[in-house]
Amino acid sequence: MIKNEWKRLFIKNRFWVLFLGMVVLKFVLLLFDTHYINTEIEEYRDSYLEYLSSYTGVLTPEKDEELSARYSEFLEMSGTYTDLKKQYEAGEITSEEFSEKVGKISRILNNKDVIQLANEEYQYVKEAPDRRYILYTNGWEALLANERLDLAMVLFILFLSAYLFGYDSETDTGSIIFSTVHGKSGLFVARERLLIIMIVTVNAVLYLEEAVFFQFQYGLPQPASPIQSLPSFRNSPFHIRLYMACILMFVFQTLGAILLSQMTVFFADRCRKVWTAGIISGLFLFCPMACFNTETARYFFLPLGMLLGSGYLKGSCEAVMKNGVLISEPFTGISVPALMILLSITILGSGVFFLVTFRKNSVKGSRYACKKNVYATAAVITLTVCMLGIICAATHEETYSLKHTYSRGMGFSDTDYVYVNDEYGILQRINIEKHDNLYLIRDVMKEPYADKYYVDENYIYYTQKDIRSGMVSYYRIEKNSLKEELIFSEAKGMRQYDYGTKYLGLISKINLDNTSDSVLEKDEITDFWVDGKYLFTVDKDSVNMTDHTNGKTTELIHDMILTDCIAYDSGIVYYVNLSGAAYAYDIVNKQYRRLDMERCKRLFLCNSTLYFINTSDQIGKYDGKVELYPDIKVSDTSCLSASKDYIYFVDSENRVCRINLSTDQMEEIKTGTPAYNVKAFRDTDGIFVYQQAVPTQDFEWVFLDQNIF
Amino acid sequence: MKLWYLELKKMFFTRHMLFLILIFFLVNGGRIILGSRYDLDAIMRRSEKKAGEFEAYEQALAGEMTAEKAHKVKEGHEAYFAALGTGEYDKENNYYGLIYDLYRYQYDYARQMQEFTNRAKENAELFDRLGNRFDAEKNRQIAGIYENRFIRNFYDCRDFKFLFSYDFSTLLILLLALAGSFRLFYMEYQNGTQQFLLTSVNGKKYIAFIKLGAYFFFLFVLIVVFSLEDVLLHAVLFRLNGWLNPVYSIPDYQFCIFSGNMLSYYLFLWILRYMAILSISGFFAFVSFLIQHYVIPIFFNIFAVIFTILLSERSSFSFTFAMLLNPIRLMEPDGLARSYNSISLFGRPMPVLYAAFIAQIVLTIVFAALLIGLYRKQICMISGKEPVKRRKVYD
């Protein structure tokens, strides 16, 4: 009977043409689709492959040593080249000497991009050599990591399922077929079997087509490498090989396709229209696709999640930026139990859809079928399990990836000093080396003012508050390209918000002018910092953590916190409350810990060690136990600020001093006029000192470079 | 053409529909008049004009801006502030005191915009150097839009903003569109005329096309009627002057991305609104055909409208692709046109307003094509026909 149905579909109704059409469509989609791969590697592909050819596979100690040596050699040559260039420019060597010496190293330096790329791969593997192999990853990334709905397969399945089970009802030939000998259960079961066989076959053919395409375009070397070798899967909870990942993806997609087909069969049976059934089933895929920007949410919608597949293997990862270009998007991983629940729901859901349709379409089915109330109970139980599954999966324990640090007065990295101009409130950046001063907020349609700011390795974050509406917006500016984007905004303390008209003129004006000053003050943000996708804000009596990708806010600490008494280090918030007691709050384990410190009025974090100024203006160090620097008294106006090796402060006699972190010795820095505050750089010896300028007698921040030391 | 006219007449120009239009027309008029009485800004502006004490000075100042006039306004403004402490009142100086900011804005506009565009050009150069192509292109677009702008004639055009930001009539048209969609297909089933249409020699595709065309034309007529009412009532209430002055003569429209005069801006706004109405009406028609039932499509469409309105008010959807597809955002085009906002399309910036306009054209075509396609095949989920009962089969 399957053979007859197959002949009817593929020969008589020419489904083979549709099938071929889908294969061609898939090829066209693959040709024109964007594949998120490392384009830099593609640019230097041949040289890159040549460079890595002898190192591919496991990172052995020999390979490690050799790669490290090659890169050191490259760095040395770069240094030599720079020195030679300087000498040549200064006229210390002639052009002939320069050419002769440079000629020897130019071959290696010409290859610098390839060496950099290879070194990145080496560094990536070196982080976890037991789980990562050295590998040319672009082919595998394109095949496994790119989230794409296989449109060709989905269209084929929708049409096949709806046509196979809906066409007879639509043309009213169903009753004739039903009255034949095999037209009852036999035909239904045969069609179902044919459908499943077709789904598996089509999925296999299209998946193979994809693999062959990427094999020819990029190449799929070393299939036995662990999946963590691919940067997109660096945090994957599965310890599997790449070929196994392909098989798992195929299984996910097949299960998703089966669920989709069973849903379509169900709708075709109910609506008795081929197109209607196809469209309704299609909506279950395309609506979540259109509605959810975040990748993770899509994976909780079945059968869409299963058809996409790759996200289940990924694990959590943050956005990876390189030179202002997004290499990989952030992703919240789906835990293994959640995946198991989703798989169970897929299989169970397919079974329920099959049983319901089977019962209606076959005499055998209705004979074996239970009574209606049993079905109703089963349906309710199934729905409950599905809902519980989705809720459990959606509320699975969040995996944090917290690694940044924050402390008021933290030194600035590199050679850039970011500050808000005291007079105008404009966010500016001074480059110490280039001696240029740049306005950072370049959007001409916006005011250039910033309230608070925070700087990390890649971005400068700042806040802007709209006084009328009370809306606080958090922006970030990419350091190299100055590309700005809004990451989050929230209404804080609305005073008077003139909406103008709202809801197409239904509401013309709303004035909320009864908000008291105390409420406004309470909501005022005193500090903020960003760690990955989390935005931490400190107001008068709480510390909140907001996932800026979806706006979900959690209150971490509910306590009155002293000004300048908060620090953060890789998921731990240190703070001092109004009574002067210091605490550490662990975000991941949600635990408080009282720190055995005396009462203090400033808190500062440097190299994971807490420093504080106590109520007697003495500096202390807390590293499990308290150590005071007894001879030092700090000025009332001064904060603590740290570079890599020193902590800077202004003492009670308005002198700038620093403590050497390795020897704990104090040194004084000559500044000429009395100083009132100090800010240090993390990586250079220059400092900013707040003092009275000699010619103008105005108080301003003055930069003192390393020569003063 | 005759068929099209018949469709129009049969479905829309009926007693009930005309009565509904009349009621809505009166409601709209009432809303404009009441709105102008309860809106604080509008009350102040109207009371200033109603007193008519400055009319002569206003007429004297209106027209081409010259250095002499500017000097006169400045002197009058200074004299007005000097007199504030003494309590002396001079009507002319008082007028100059009130109008000074507006006059200075219009007089300085060209220079300010020149500075603004220069800043945008500098930014474009900087972003080019930094390799940030998107922002460089965006700044070049901004410079292109706001370059060479100037205001030649002075008029107190501030009251035009009440007209431009008035959106309530769009809501009424939307409700009428909903009522119209209900008459598109369900009435045919109810009256039993569907069979005649389906067996017509013109073919189903043609019939669907004509029905949709008549529906869209009906909306066009509604827009003409309501827009005329809006403009007439606002012109009477606020005594609007300076129709041919550029729209950026209003300080609130300093960065308006449209550079034409008030009249053309008003027409431009209605073209945008019409496009949004077409798109949402296409959806109404599609749903009304798909679910040919007395109540369900109306509830469904109302729910869809409320949902899209609420969605359009969510700030998190601002300037995203989801927003572009939301017709309600384009139904309030004034807010989008007042300043330059861009969205990234294939890595290039595009003004949000134009992107939304194109998105709505595409949506309208999609809904129309879907409707015509389904009408040809007569594929609908719930039809007015008696549902075919399932035959019970016994073993």
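Predicted model: local features only at pLDDT ≥ 70, side-chain atom pairs only at ≥ 80, totals over all residues.
Residues are numbered from 1 along each chain as its sequence is written, and chains are lettered from A in the order in which they are written. Local features need pLDDT of at least 70, and side-chain atom pairs count only at pLDDT 80 or more, with hydrogens and water left out.

User: How do the axes of helix α11 and helix α17 of chain A run, roughly parallel or roughly antiparallel?

Analyst: Helix α11 spans residues 185-217 and helix α17 spans residues 336-361, both in chain A. Their axes come within 9 Å and cross at roughly 150°. Angles over 145 degrees count as roughly antiparallel, on a scale from 0 to 180 degrees between N-to-C directions. Therefore α11(A) and α17(A) are roughly antiparallel.

User: Which residues of α17(A) does α11(A) meet?

Analyst: Contact means heavy atoms within 4.5 Å. From α11(A) come Ser185(A), Phe188(A), Val189(A) and Glu192(A). Their counterparts in α17(A) are Phe354(A), Thr357(A), Phe358(A) and Asn361(A).

User: Are the faces of β11(A) covered or exposed?

Analyst: Buried means under 20% relative accessible area, with a 1.4 Å probe and protein chains only. On one side, Asp527(A), Trp529(A) and Asp531(A) are buried. On the other, Phe528(A) and Val530(A) are buried. Both faces are covered.

User: Which residue in β12(A) is the bridge partner of Asp527(A)?

Analyst: Strands β11 (residues 527-531) and β12 (residues 534-538) of chain A run antiparallel, joined by five bridges. Strands pair if DSSP finds at least two bridges between them. The partner of Asp527(A) is Val538(A).

Notes. Helix = DSSP H or I, 4+ residues; strand = E, 2+ residues; numbered from the N terminus. Parallel < 35°, antiparallel > 145°, perpendicular 65-115°, else oblique. Buried < 20%, exposed > 50% of the residue type's maximum accessible area, 1.4 Å probe, protein only.
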